[in-house]
Amino acid sequence: ELSPPSKAEEWFPANHMANGFVEAAQNDYLAEDDDAFADGYVFIGLKKLYVDRGVYTKWIPQDNRGTLVYDDAFDLSDAAAQEAYLRLCDEVRAAPCDSEGCRKVPGRLVDPPTVRCLLVEFAAERGNVTGAAFEPELAAWVAEDPFEREELAGFVDGELKYVTVAFKTTMRDEETSELVQEVYDEWQDLLRPFVATAPASLASCEGERCTLFVSTCGGRDDCGLAFAWMVTQRELVRGLFNGLAICAPVAFAVLLLVTGSLTVALLAILSIGLVVTSLLGTIKTIGWELGVGEAIAGTIVIGLAVDYTVHLGHTYTAAAAETREGKTAAAATVMGPTVVAGAFTTFGVAFFMFFCQLTFFTKMATLIGGTVGYSLLYSLFFYVPLLALVGPSGKLRSTAERLRAMYRTCRGGGGGG
């Protein structure tokens with residue numbers, strides 16, 4: 001069973017200077033640079049991201065990504081809301097964490113001294129302001145030092161639309177998706193009780209669903225994408241297994257349609273399944289984990305597992321010979337050399353990627369080479385012998401030919417009646 005990565009993705013070989021630099025920065029000093037850990041923000045006042053499915057297309061994901069919908073009920077000017085916001089600051093500062101992803105301060109979601117609370121900083125200079133005077137005073141305060149303060153208070157067209165609690169998390173920026181998911185779940189467990197008891201002006205409700213948004217990106221150019229990348233990694237791995245799940249049924253349907261033989265199609269799927277499972281077993285044996293590189297490369301090479309078996313099966317059914325031995329000989333002699341030549345050319349393409357420095361390309365080369373090797377092995381020395389033993393004999397017609405014959409028979413029968 002392949003498992004998610006237990007450590008951050010490495011895009012260079014172990015002896016590459018880039019990896020050495022990162023490891024030295026993380027392990028050879030008493031304290032790690034704060035830049036190694038993700039920034040964090042809890043947003044209050046955001047309702048949802050509305051995406052118009054009529055104009056958005058997943059094939060052009062950078063366009064029409066949606067419109068941020070603000071909570072019209074959001075209001076931080078009254079005393080009850082401000083008290084709740086300050087309570088949230090205290091809860092964030094003391095938030096516990098049971099995940100191994102919380103590394104900088106074990107057992108804590110955030111580094112307590114880094115927590116920035118808007119009302120605390122604002123009150124230190126302007127005092128406690130509530131009511132109608134609050135928003136103009138806050139806008140003037142933010143304008144005095146926009147670079148430092150705009151991450152705490154979001155003004156849109158001169159109106160306060162949201163506020164944040166900003167902090168430095170104890171999670172590394174480059175963390176495994178599994179640990180990032182654990183940390184994200186810890187945040188949800190922390191925020192859920194607050195939302196349940198917060199005033200309506202801070203709960204950000206959409207119907208019966210109320211939530212606050214936690215992010216590693218506060219809107220600056222250098223913002224982190226840990227939570228967004230967590231979803232991307234999960235979907236890439238899911239895409240690999242979806243590709244495997246789709247590949248077998250489609251290959252079976254095509255073979256059955258073209259050959260018209262259930263036996264040939266079933267034996268082909270058995271051979272393809274052995275290619276895929278042998279390749280995945282090899283990946284596990286050499287110590288690989290199912291990371292982004294493996295997921296992307298694995299999705300690309302799925303088609304190679306089908307290629308040779310499909311060609312041999314089609315040649316077997318199209319052979320002029322009617323005996324099982326004659327059809328097997330035709331498949332081996334007519335298509336066999338072509339399959340071997342195709343394997344050599346495909347492996348030749350992969351060969352040059354073994355010399356790349358990026359591990360993504362060396363992994364792809366390994367996957368392509370392994371797929372070609374197992375496909376050649378199982379198609380010629382498993383699939384073809386099986387056809388020789390239990391393959392269909394006689395004149396074989398494709399499904400299309402059978403349907404045309406049935407159509408002609410039906411028309412002829414109708415005309416006679």
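Author: Cys89 is buried, because its relative accessible area is 2%; buried means under 20%, exposed over 50%, and partly exposed in between, using a 1.4 Å probe and protein chains only. Cys117 counts as buried too, at 2% relative accessibility. Cys89 and Cys117 are joined in a disulfide, with 2.2 Å between their sulfur atoms; the term covers a pair of cysteine sulfur atoms within 2.5 Å. The link of Cys89 and Cys117 is right-handed, with 80 degrees about the S-S bond. Cys89 sits in helix H2 (residues 79–93) and Cys117 in strand S4 (residues 116–117), so the pair ties together parts 28 residues apart in sequence. Helices (H or I, at least four residues) and strands (E, at least two) are DSSP runs, numbered from the N terminus.

This is a predicted model, where local features need pLDDT of at least 70, side-chain atom pairs count only at pLDDT 80 or more, and totals for chains, interfaces and linings use all residues. Residues are numbered from 1 along each chain as its sequence is written, and side-chain values use heavy atoms, leaving out hydrogens and water.

A search of the whole structure finds two disulfides. Cys97 and Cys102 form one of them, their sulfur atoms 2.0 Å apart. The torsion about the S-S bond of Cys97 and Cys102 is about 80 degrees, so this disulfide is right-handed. Both Cys97 and Cys102 are buried.

Now two further cysteines. Cys356 counts as partly exposed, at 31% relative accessibility. Cys410 is exposed, with a relative accessible area of 58%.
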